[in-house]
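Please open the structure in the viewer and keep the selection tool at hand.

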Amino acid sequence: KHLLKLIRSLGNIETMDALLKAFVSVRQSSPTVREAYFEGTILKARYHLQRCSWPEAQSTLKGLVHQKNVSRRNQAIMHNLLGCCNCIIQEFDTAIYHFNNALKLEPNDLRIHQNLALTLEWNSKLAQASKHWDEMLDILDRHPLTGPPDIADFHYYFEFETLNRLANEHAERGRWTTALTYMHRAHRLRPDDEDLMERLFHTYQQAEQPRNARKMLERLRSLHPNEPQNELYELDLV
């Protein structure tokens with residue numbers, strides 16, 4: 001255990017990998033050593049992935065696919081990284097397979113849901129993607145999300161940007177009611193966001209909800225009473 005702690009503390013990936021390979025060759029029956037080797041191999045693959053060496057990352061991870069005697073969490077991370085590798089080289093069906101395997105092991109990991117939703121979109125499977133976006137947002141409601149220390153209130157920033165993106169996606173396809181659902185939720189997070197209020201006004205019009213459009217226009221007028229653009233919006237309502 002002391003040796004593993006020392007090896008894990010090393011900053012050099014190649015050195016750590018060589019030591020772990022030597023360690024596992026003499027202690028193959030040790031679950032602790034096998035787990036450490038699995039984690040080290042994941043770190044090595046991630047190192048290649050961050051440096052745009054997709055084939056190296058993929059081949060590194062493939063050696064771990066059939067290992068079942070490690071934690072579910074590490075298996076999920078391995079499948080998630082393999083899915084990312086396959087996405088980058090546009091093998092979307094294989095990526096979906098790995099993301100689904102990752103979700104079977106970690107069904108409440110919102111980042112895996114996000115990865116799968118994006119991949120399904122790229123593979124033109126929009127209905128399935130929507131299901132995973134909604135799952136991700138439900139998990140986000142229940143579990144606060146930690147992020148980079150330089151982004152204040154990262155949890156709310158991440159949720160708002162996700163809702164904003166989904167609203168735009170559905171609005172571009174003319175699905176006004178669904179777009180409004182996401183916009184309403186984003187509006188609850190940022191009730192004073194003027195850009196969002198303006199988009200809500202236009203989306204209410206497209207969804208043939210003039211009363212709600214007028215309420216949103218009145219809100220915009222209260223913020224900027226002498227704004228000429230609001231008078232043009234009034235003409236749109238007439």
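Begin by selecting Arg 190 and Phe 160 in this predicted model. The charged end of Arg 190 is placed over the ring of Phe 160, at 3.8 Å from the ring centre.

Next, select Arg 111 together with Phe 158. Here Arg 111 lies over the face of Phe 158, and the distance to the ring centre is 6.0 Å.

In the whole structure, a search finds three aromatic pairs. In the pair of Phe 154 and Tyr 157, the ring centres are 6.5 Å apart and the planes stand at 40°, so this pair is tilted; planes under 30 degrees apart would count as stacked, and over 60 as edge-to-face. Both residues belong to helix α9 (residues 154-172), where they are three residues apart, about one turn of the helix.

Now turn to the largest nonpolar core, which has 41 residues. Select Leu 110, Trp 133, Leu 137, Phe 158 and Leu 200, the residues with the most contacts inside this core. Among the elements that give two or more residues to the core are α7 (110-122), α8 (126-142) and α9; α6 gives the most, with seven residues.

Centre the view on Leu 110. Beyond its neighbours within four places in sequence, Leu 110 is in contact with Met 136, Ile 139, Leu 140, Leu 145 and Phe 158.

Finally, select Leu 49, Ala 57, Leu 61 and Leu 82, which are included in a second, separate core of 13 residues.

Notes. Residues numbered from 1 in each chain as written. Predicted model: local features only at pLDDT ≥ 70, side-chain atom pairs only at ≥ 80, totals over all residues. Heavy atoms only, no water. Phe/Tyr/Trp six-rings, centres within 6.5 Å; stacked < 30°, edge-to-face > 60°. Helix = DSSP H or I, 4+ residues; strand = E, 2+ residues; numbered from the N terminus. Lys NZ or Arg CZ within 6 Å of the ring centre and 35° of its normal. Core = buried A, V, L, I, M, F, W, Y, C linked by side-chain atoms within 4.5 Å. Buried < 20%, exposed > 50% of the residue type's maximum accessible area, 1.4 Å probe, protein only. Contact = heavy atoms within 4.5 Å.
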